[in-house]
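Good morning, and thank you for coming. Please look at the sequence and the structure on the screen while I take you through them.

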Amino acid sequence: MSYAYDDQNIFARILRGEIPNRTALETAHTLAFHDIRPQADVHVLVIPKGRYVTFDHFAAEATPEEIADFHRAAAEVCRMLSIAPETGGKGYRTISNAGDHGHQEVPHYHMHILAGRPLGPMLSR
Ligand code: 5GP
């Protein structure tokens, strides 16, 4: 079964400029913007501009350029926000939810970048 992409999902609408966002970084293939309901002082969402539903969809079908651009953009956000340990930051967590058990709310692939406080154990239980 292949993925069916919903062009009306909220991130598709953000990419088309139909809904405003607080952009952290934009590159050729990637948009990073602040989450509307932040769960930490830093809560940025990194999304590819292409029509991918989940991490596994993106990794399987995106071009090498899209994949490299996405990860380099995410790393650049970490540097820009001074959370990367390499530059003295206190660190961060990246999360990507997929499907029902992953608790994915928006069916457009995204990476959460969370930081700004000790984030506790990886899972609540
Ligand atoms: P998921 O549960 O799919 O991994 O995460 C979706 C995230 O998108 C949530 O953290 C939610 O707060 C965020 N979100 C949902 N709608 C909007 C929106 O319109 N703008 C922004 N900036 N974030 C949104």
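**Overall fold and selected residues**

I begin with contacts, taking a contact to mean heavy atoms within 4.5 Å. Among contacts in the protein chain between residues at least 6 apart in sequence, 52% join residues at least 24 apart.

A word on the source. This is a predicted model, in which local features need pLDDT of at least 70 and side-chain atom pairs count only at pLDDT 80 or more, while totals for chains, interfaces and linings use all residues. Residues are numbered from 1 along each chain as its sequence is written, and side-chain values use heavy atoms, with hydrogens and water left out.

Let us turn to the architecture. The protein chain has three helices and five strands, where helices (H or I, at least four residues) and strands (E, at least two) are DSSP runs numbered from the N terminus. Read from the N terminus on, the order of elements is α-β-β-β-α-α-β-β. The radius of gyration, taken over C-alpha atoms, is 14 Å, close to the 14 Å that the globule rule (2.2 Å times the number of residues to the power 0.38) gives for 125 residues, so the protein chain is as compact as a globular protein of that length. Along its principal axes, the C-alpha trace spans about 40 × 35 × 30 Å.

How much of the protein chain is buried? Buried residues make up 38% of the 125 residues; here buried means under 20% relative accessible area, exposed over 50%, and partly exposed in between, with a 1.4 Å probe and protein chains only.

Next, the strands, where two strands pair if DSSP finds at least two bridges between them. Strand E1 (residues 23–26) and E2 are antiparallel partners over three bridges, and a hairpin of three residues joins E1 to E2. E2 also pairs with strand E3 (residues 42–48), in the antiparallel sense, over five bridges. Phe33 in E2 illustrates both pairings: Thr23 stands opposite Phe33, and the bridge partner of Phe33 in E3 is Leu45. Four of the five residues of strand E2 (residues 30–34) are buried, so E2 is largely enclosed by the rest of the structure.

I now come to the loop between E4 and strand E5 (111–115), which holds His103 and also His108. Which of these residues is buried, and which is exposed? His108 is buried, with a relative accessible area of 0%, whereas His103 is exposed, at 68%. Leaving aside neighbours within four places in sequence, His108 is in contact with Tyr5, Asn9, Phe11, Leu15, Ile47, Pro48, Gly50, Tyr52 and Val53. His103 has a phi near 65 degrees, a positive value in a residue other than glycine.

Ser82 likewise has a positive phi, near 60 degrees, and is a residue other than glycine. Ser82 lies in the loop between helix H3 (64–80) and strand E4 (92–95), and is exposed, with a relative accessible area of 52%.

Finally, consider Leu119, in the segment after E5. Leu119 is partly exposed, with a relative accessible area of 23%. Not counting residues up to four places away in sequence, Leu119 touches Ala40, Tyr92, Arg93 and Leu114. Where does Leu119 lie relative to Tyr3? Leu119 and Tyr3 are 116 residues apart in sequence and 32 Å apart in space, C-alpha to C-alpha.
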